[in-house]
Amino acid sequence: MIRAVGKPLEEVIGMVQDYPRILVAGCDGCVTVCEAGGLKEVKVLAAALRLYFTQQGEPKQIDETSLTRQCDKEYLAQLGDRIDGYDAVLSLACGCGVQFLADMYTTKPVYPGVDTTFLGVTEERGVYTERCQACGRCILADTGGVCPIARCSKRMLNGPCGGSDKGKCEVNPEMPCGWQLIYERLKALGQLDRFEQPITPKDWTTSRDGGVRKIVREDLRV
Amino acid sequence: MAPTKDRQTIGGGNGTVGAVMVVGAGIAGVQAALDLANSGFFVYLVERSPAIGGVMAQLDKTFPTNDCSMCILSPKLVECGRHLNIQLLTLAEVQEIHGEVGDFTITVQEYPRYIDMEKCIACGLCAEKCPRSVNDEFNQALNKRKASFVKYPQAVPLKYVIDRDHCIYFKPDKKTGKIGRCRACEKFCPAGAVDFSQEGKTHHVKVGSVILAPGFKTFDPSRAATYHYRQLPNVVTSLEFERILSASGPFEGHLVRPGDRAEPKKIAWLQCVGSRDVKYHSYCSSVCCMYAIKEAVIAKEHAPYDLDCAIFYMDMRTYGKDFERYYLRAQEQGVRFVRSRIHSIDLGQDGDLLLRYMDEDAGLHQETFNMVVLSVGMEVPGDVKSMAATLGLELNPHDFAATHPLTPVATSRPGIFVCGAMAGPKDIPESVMQASAAAAGSGSLLSEARWTRTRTKEVPEPRDVSGEPPRVGVFVCDCGINIASVVSVPEVVEYAKTLPHVVYVQENLFSCSQDTQVQMLKVFEEHQINRVVVAACTPLTHEALFQETMRDSGLNKYLFEMANIRNQDSWVHTQEKEEATDKAKDLVRMAVARATLLKPLVEVPLTINQRALVLGGGVAGMNAALNLADQGFETILVEKEKELGGLARRVHHTIEGLDVQAYLDDLIARVRAHHNIQILTQALLVSFIGYKGNFVTEVLVGPGMYERKIEHGVTVVATGAQEYRPTEFLYGQHPGVLTQLDLGRVMHESPEKAAAWQRVFFVQCVGSRNAENPNCSRICCQGAVKHALELKMLNPEMEVVILYRDMRTYGFLEDYYLEARNQGVLFSRFDPEQSPRVMQDKEGLVLEFQDHVLQLPVRLPADAVVLSAATVAGEHEELASLMKIPRTSEGFFIEAHAKLRPVDFSSEGIFLCGSAHSPKLISESISQALAAAGRAGAFLADTTQTISGITACVEPERCAACLICVRVCPFKVPQINQENVSEINRALCQGCGICASECPAKTIQVSHYEDDQLTAKIKALF
Amino acid sequence: MRLQYPTDIRIIQVPCTGKVDIIHLLTAFEEGADGVFVAGCLEGDCHFLEGNLHAKKRVQRVKEILDKVGLGVGRLEMYNLSAGMGPRFAEIAREMDQRIRELGPSPIRKAKASLPKAETEMRV
């Protein structure tokens, strides 16, 4: 899922300080799971902002809400009848949600309350690691289920670079070498012969280099 | 309105009395009383002193967890005090007994308290005004109390008592010879509770059985003149030191020495004072090593400077579960351990104390300490001896109750059980275990009379208030003058009338008095009150009382809120009347704000399947099964092997000389014959689901591995342990190297072979007390002594040498150690750095070791080398993960609480006994098995358990299934269900609120402490 | 023991400090509390095993927030003590009272220009 972390309070203050009426809007999806933008964080941030501005002698109206998801129009539409009561919205959704919210309410300033970081997993509560870079053409079938795009610092596609040292990455020696992981996994699967088949040059048009990405699933459209 | 019952009542047995008397209300007596009262017996709890709690209430912290003693004890005392089926008889003594098991009549003499317990509100004015100061025995006479007093602040019952021996009233006037002077307490008591005319009462109590738990007294060190205990104020006993450390003690927890209140920089502990000393008591008191270490560790924590703590000892006996780790940690924390017995204490300068000792290097040392703590042992008090005589019980040579190793809680008289220190010196968990075991013993004798003597309380069906707007009734208490002398109660009353939703306000002189309660009940009905606020003393002692009255009037007890205007206001702001009145108004306003938002909560009955499952068919499992079956519960005994018997199959005699195999045969026969027991052998547990009262277990049984699904209400884990297979000392390479179990077999099967040996060495701590297994295996020292004595019997000429690190023959086992020395068994100590070496040469086995007296290596041929191999945990990894029960790093199962819940798992409805818990002797396994069966039986018998109303509830619509609640719950209760949302089983939720506060979607609320109910209080304050 | 402590403390009872929510603490300050202290069991002695450890983390986070919004870290504190430590409670109450007096009234309360009131406190 998407992982995000709350922005520093000072940064948020800087964004919203000119607006007298602010709605802090959370998202019940990924950012709730990674404890960055659910209703609890909404309440905490709203309270912190109220305390700050009250303390500054310029109290503001800062209200709280959270939507089921901010990446779906139907849920965003639920804000329709109240959004005019605010001068700005502080969204604690991921970058998608923030943008979609802004898309929908074109004249309303929308600000991000979290930094969207990566697609990752929960190692344990409060520890998340990246696993996917959404490149658009998955090659996990060839690499034993370990992604060289997300887990090799250099996105090497056919084996490690010369900097792999004792299973660690030369870019970040704290990090395991992605290709070491691929090797171990293929070994465990008894599929080391896969190394004999080189991975053909990857089509990057589906990734960032292919420009702004879009999915259209005809099978779901009526 | 259909009445509901708190307790069920069923028909009585023929002549068997469903009541039990528990004598002595220390932790053992309290535990036994609670177990019995919860499982359907009426309990008379007889206590000699004015309050229950015993010695544990005097302790500061407890080993090995360093828990605050009072904190963990107090809830049990409160439960005892409130229990509908426990009658406390304080200031009381047993005087006579007639009848026999099932139907005893006991005469109890209750001495006058001179204070009417019904009237006393524990305000303390009597003590404040009492002119007579006397030594406070609770604080070991380190400070003073008054002649009118409570034993300690958390005492149960919290009622004052007048000490007749010191009260001026009872002292005849020198001139006239008349009594009756002073009477200050009587004059000042606001409740009219002082009654000098009170006389003693004689009760004739009918019970089916008796449990004795009268406890111990500490050895009086003034008997040993060389310590100069009476003359040297800075020589204190360990119990005095507990009081010095205690925050509620004479020095409020500041570590100072009594002589001059100076902070000690160096403290010495002298072990075995009165113990292991043939002049006084030859037995080992079992607990002193651990408490001395604890006191040293805690003292170091207390001191804001580098405190030097030294413990002088003979053998460090840290033999209990995880005790060795505690000892090691203390060494790391800088506690010094000096192996030397100190003979005498001399006075140094400025109150300091001079110790002269020989250490192991045979060097003579002289060291000055600021303070010396005498680790005094346990002994049987004189009045306990005379009670034993009254009851016609046998005592052992040390004056403790005589018990048989295979029936460790039964006395010589049927129907009379014993637990705690009267059955031998022991620590708290073992006392608690024995208490539950004694309760189990009583329970199985009297099972047919369960619920025949218990009291029931009928309450009307609660009124549905859901549609009504809040109508708050406020009752402001004067508490005599306790509140009214500081807070202007009329002002608070007038103020309360102005608060929203308040429909009725009243001032009470004593809200808790019986007549006020009756009057309040009328008011609830007259004014259609549906929320009650009482502004008075403290919810700790009185919430339950007011809630009871609400229930009597058909109001849900959760619609109650208390404003604490005494303990948190008038008592602590006595000089600031105006501020205290303002505070009282705030507290009332806050209470009303919360009260209007309170919701009625239902306590749903817990369904309980009446069947028990016992895992493990060794001595512990069979004893547990047998007792549960005797208590009347259908029991399924699951054993993974073909045969019942477990590890005891390989033990031939106990140290007392009992034939273990004969015992096992008899035990197996009894288990097989019991109509309530079903045995599944060669059975493997494959699935375990459910929760307390409602478990479903799947096992694969027999060679055919057929599947069997068992529904049961409780589970007892008794899966045992095993003997370590040594890889050291040529074990397995030379036939002359044996473990103790091997030796037992040789002596049993071919005694002539053993008799021919000329020299045998025992090597202790093989596989224990090392880096891989830091703990002590507890039973090997006595095992070596037992076998050494047996070898000496076979061949008195045989040279038997035991190479040991510390001889840990705790309790009465010390007698056998002494006997072994008398029989000529040689004992030689070694350090782990200079471990003995076993070699093989042309002649045979050779053993080389460092003689600790000569400080020289010795090399001797041996006919046999016996390794005291560790007791290690069984292979329980899979079982633990299936049942979700925790294990120590060495693989033994972890009980819910090392001190007070020694046979419970933290998952309710699952219990633990035998060596699966930690290594132990057969007698200890039996005792623990009975305890587990007692606890399990008490759980099954209490068919009217309800689920608390205060639990966490998930609002599923907004749950993100994020798993945070699953991860943070300390009790592992929340689970993501098939609808993919979190679900919290109310029967298991403890109501702590951690999940609610951590939920990132804010979709969990704890009922009765919902966010708006709490914030209402905060908002009302401003 | 009836040890005297300053009168401007109000206690709010919770089942365990594990129940004290970050939001409750912030609410207290928003409402105008000059100071708040959370009194939990001794570490390792929590009746619910870990409640006080969670509370400690939350108090730490709220302190950081208070610092950033300009109230400073001194108005909030977590203390660990047992039910048997009455003298310590009184000592903490005095300590906290003294500390808050030195810090002066909460700027929030001043800003809200509400009536002068006292501190609040949460404890088990």
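Of the 222 residues of chain A, 35% count as buried. This chain belongs to a predicted model of a complex, to which the predictor assigns an ipTM of 0.94 and a pTM of 0.82.

The secondary structure of chain A consists of seven helices and seven strands. Read from the N terminus, these elements follow the order β-α-β-α-α-β-α-β-α-β-β-β-α-α. The radius of gyration of chain A is 22 Å, whereas the globule rule gives 17 Å for 222 residues; the chain is therefore more spread out than a compact globule. Along the principal axes, the C-alpha trace of chain A spans about 65 × 45 × 25 Å. Two domains are assigned in chain A, with domain 1 covering residues 2-118 and domain 2 covering residues 133-201. A distance of 38 Å separates the C-alpha centres of these two domains of chain A. When contacts in chain A between residues at least 6 apart in sequence are considered, 58% of them join residues at least 24 apart.

In soluble globular proteins, nonpolar side chains tend to be buried together. The largest nonpolar core of the model contains 413 residues, and those with the most contacts inside this core are B:Leu45, B:Cys419, B:Ala535, B:Val716 and B:Val865. Helix H22 of chain B (residues 922-941) provides the largest share of this core, with 12 residues. Another core, which lies apart from the largest one, has 10 residues, including A:Val146, A:Trp179, A:Ile182 and A:Tyr183. Neighbours within four places in sequence being set aside, B:Val716 is in contact with B:Ala612, B:Val614, B:Leu615, B:Ala624, B:Phe911, B:Cys913, B:Ala932, B:Ala933 and B:Ala936.

Attention now turns to chain C. The mean pLDDT of chain C is 87, and 90% of the residues of this chain reach 70 or more. Over residues 114-121 of chain C, however, the pLDDT is below 50, and this stretch has 27 contacts in the model beyond near neighbours in sequence.

Between chains C and B, 38 residues of chain C are in contact with 41 residues of chain B. On the side of chain C that touches chain B, two or more residues each come from strand S1 (11-13), helix H1 (22-31), helix H2 (51-69) and helix H3 (86-103) of chain C. Helix H1 of chain C gives the most to this side, with four residues. By residue class, the side of chain C that touches chain B comprises 16 nonpolar, 13 polar and nine charged residues.

Conventions. Residues numbered from 1 in each chain as written. Chains lettered and ligands numbered in written order. Predicted model: local features only at pLDDT ≥ 70, side-chain atom pairs only at ≥ 80, totals over all residues. Domains from an automatic or database assignment. Core = buried A, V, L, I, M, F, W, Y, C linked by C-beta atoms within 7 Å. Buried ≥ 20, exposed ≤ 12 C-beta atoms within 10 Å, placed from the backbone. Contact = placed C-beta atoms within 7 Å. Rg over C-alpha atoms; globule rule 2.2 N^0.38 Å. pLDDT = per-residue confidence, 0-100. Nonpolar A, V, L, I, M, F, W, Y, C, P; charged D, E, K, R; others polar.
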